[in-house]
Amino acid sequence: MKYVNTGVVFQEIPDEVTLSINISNCPCHCLGCHSQYLWEDIGEPLNTMSLGMMLKEYGDDITCVAFMGGDGEPDKVDALAEWTKKNYPELKTAWYSGRGILSKDVQLKNFNFIKLGPYIESKGPLNKPTTNQRLYKVVKGETLKDITSKFWKK
């Protein structure tokens, strides 16, 4: 699994300062995708060593780590989330998946947030009430609570 870039973002996970890690080689190829460069098998290896270096660099500046993609290797995303929880218990973990359902290779206990759903241009992104995508908060490591409406302006 490889990543292309990272960034500290404020809109991906409500109420969190998030280190967003963009994972390449996305198999979903959603029509209208704003990150088509992530369809390619490019970037640097994403493993515990590279993730650890990122987390040391950002230190106290973040509250959450979001894996953006990785749908081709959900078991590896799950393993990195588990490693993060073990080594950085103060950080929350999130996964943005373009799949419609959660992979059987993912354990909810390793995540605080999971986004599911392919991007469908006519339905819009998470900040549109018409979206098909959903952001879930993981409750007690075992159930999903839909919090998508937190993105919608009231």
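Mentor: We'll take the sheet, then a central strand, the salt bridges, the pocket and some backbone angles.

Mentor: Some ground rules: this is a predicted model, where local features need pLDDT of at least 70 and side-chain atom pairs count only at pLDDT 80 or more, while totals for chains, interfaces and linings use all residues. Residues are numbered from 1 along each chain as its sequence is written, and side-chain values use heavy atoms, with hydrogens and water left out.

Trainee: Okay, the sheet. In what order do the eight strands come?

Mentor: The general idea: strands of a sheet pair through backbone hydrogen bonds, either parallel or antiparallel. Strands here are DSSP runs of E with at least two residues, helices are runs of H or I with at least four, and both are numbered from the N terminus. Two strands pair if DSSP finds at least two bridges between them. In this model, the order is β3-β1-β2-β4-β5-β6-β7-β8, an open sheet with mixed pairing. At the edges sit β3 (44–45) and β8, each pairing on one side only.

Trainee: Which way do β7 and β8 run relative to each other, parallel or antiparallel?

Mentor: They run antiparallel, joined by four bridges. To find one of them on screen, pick V138, whose bridge partner in β8 is L144.

Trainee: And what does β4 pair with?

Mentor: With β2 (residues 18–23), through five bridges, and those two run parallel. T18 has C64 of β4 as its bridge partner. β4 is also joined to β5 (residues 92–96) by five bridges, again parallel. There, M68 has Y96 of β5 as its partner. Between β4 and β5 the chain passes through helix α2 (residues 74–87), and this β-α-β crossover is right-handed. That word means that, with the strands pointing away from the viewer, the path from the first strand over the helix to the second runs clockwise.

Trainee: Is β4 buried or exposed?

Mentor: Start with the cut-offs: buried means under 20% relative accessible area, exposed over 50%, and partly exposed in between, using a 1.4 Å probe and protein chains only. Five of the five residues of β4 (residues 64–68) are buried, so the rest of the structure largely encloses this strand.

Trainee: How do I tell its two faces apart?

Mentor: In a regular strand the side chains alternate between the two faces of the sheet. In β4, C64, A66 and M68 are on one side, V65 and F67 are on the other, and both faces are covered.

Trainee: How many salt bridges are there in the whole structure?

Mentor: Side chains of opposite charge can pair when their charged atoms come close. The test is a side-chain nitrogen of Lys or Arg within 4 Å of a carboxyl oxygen of Asp or Glu. A search of the whole structure finds six.

Trainee: What does E16 pair with?

Mentor: With K92, their closest N and O atoms being 2.6 Å apart. This pair links distant parts of the chain, 76 residues apart: E16 is in the loop between β1 (2–9) and β2, and K92 is in β5. E16 is buried at 9% relative accessibility, while K92 is partly exposed at 32%.

Trainee: Which residue does D146 bridge to?

Mentor: To R134, with the closest N and O atoms 3.1 Å apart. D146 lies in β8 (residues 143–146) and R134 in β7 (residues 134–139), so the pair ties together parts twelve residues apart in sequence. D146 is partly exposed at 36%, and R134 is partly exposed at 23%.

Trainee: What is the volume of the largest pocket?

Mentor: About 800 Å³. Pockets are found on a 1 Å grid over the protein atoms alone: a pocket is an open set of points where a 1.4 Å probe fits, with protein on both sides within 12 Å along at least five of seven lines, and lining residues have an atom within 4 Å of a point. Grid points are joined across faces, edges and corners, and the volume is the space filled by probe spheres set on them. The lining has 29 residues, with E12, H34, M68, Y96 and K115 nearest the centre. β2 gives the most to it, three residues.

Trainee: Last one: where is D15, and what is its phi?

Mentor: D15 is in the loop between β1 and β2, with phi near 65 degrees, a positive value in a residue other than glycine. K140, in the loop between β7 and β8, also has a positive phi, near 55 degrees.
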